[in-house]
Structure formats: C-alpha cells, structure tokens
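Colleague: I'd like to learn how to read pockets in a model. Could you walk me through it?

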Amino acid sequence: MSSAVEQGEQGDLARLRELVRVFVDERDWDQFHTPKNLSSALSVEAAELLEHFQWLQTGRAEELGADKLVQVRHEMADVLVYLVRLADKLDVDLMAAVQEKMVLNRAKYPADKVRGDARKYHEYKDA
C-alpha cells in the first residue's frame, strides 16, 4: 500500500475516532465506555447486523431490498463506531493492527495453497 493511501486511511480513521469522541463527550458517556462494555456492545451490534440476514438465501443487496439495506447500513455503522471507540480506549492503531494481522494471515493462508478453498488453515496445512 502506498504511503499516500495509508495516510488517507489513517486520516479517515482519526476523523472517525474524533467524531465518536465528540459525540460521547457531549453526552458524558465516557464513564460507561470501558473496554468490557464496548466489547459487549460491539457483539450486540454485530448480532443485530446478522439478524437482517438470518433467513435469507444469500443476503445480497437485491435480496435485502432498499429499506432493509438502509437498516443494514446503520447496523454496520454501529459496529464500526463501537470498534473505533474500543480501539481508542485501548490505544490501538487499527490500521497497524490490520497490517500486522494481514502478515499473519498471509503466512497461515498462502495464496498458492488456498486459492478458491474456504477451509480453515489447519484443514489443509498437512494436505
């Protein structure tokens, strides 16, 4: 990834973090935003996102329809807000964390061995 792209993404995450901080500060909610509480809220919001797809065949946009897609978009935003807030509280650089995790994933899932294969790494490792 180019440094200009990384800087732009870092800037986007920093702006998002600040947007959430201001919202929280305006409501005096920081006192409730412990890592445990934020992790719990993140899990709840992820479940609410999943609920929209529960009985669908594929969950593609056309299957959701316009109104449901708006609801899904809002749940996705809730998930992202809680994740960004949790990262802020734990002083985690999300971009650095993703880059680090991608290095680990590349080692676990080498493209030449797993292309087109959805199994977990331990299922093909010895094959």
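Predicted model: local features only at pLDDT ≥ 70, side-chain atom pairs only at ≥ 80, totals over all residues.

Colleague: What is the volume of the second largest pocket?

Modeller: The second largest pocket comes to about 170 Å³. It is lined by 12 residues, and Arg17, Ala87, Val92, Asp93 and Leu94 are the closest to its centre. Two or more lining residues come from each of α1, α4 and α5 (94-108).

Colleague: How do the residues of that lining divide into nonpolar, polar and charged?

Modeller: For the second largest pocket, seven are nonpolar, one is polar and four are charged.

Colleague: Now for the largest pocket: how much space lies in it?

Modeller: The largest pocket holds about 300 Å³ of space. Its lining has 16 residues, with Phe23, Trp29, His33, Val81 and Tyr82 lying nearest the centre.

Colleague: Which elements each supply at least two residues of the lining of the largest pocket?

Modeller: Look at α1 (3-27), α2 (35-51) and α4 (66-89). The largest share is from α1, which supplies five residues.

Colleague: And how does the lining of the largest pocket divide by residue type?

Modeller: In the largest pocket, 11 lining residues are nonpolar, two are polar and three are charged. To recap, α1 gives the largest share of the lining in the largest pocket and also in the second largest pocket.

Key. Residues numbered from 1 in each chain as written. Heavy atoms only, no water. 1 Å grid on protein atoms, 1.4 Å probe; cavity = no way out; pocket = protein on both sides within 12 Å on 5 of 7 lines; lining within 4 Å. Points joined across faces, edges and corners; volume = space filled by probe spheres on them. Helix = DSSP H or I, 4+ residues; strand = E, 2+ residues; numbered from the N terminus. Nonpolar A, V, L, I, M, F, W, Y, C, P; charged D, E, K, R; others polar.
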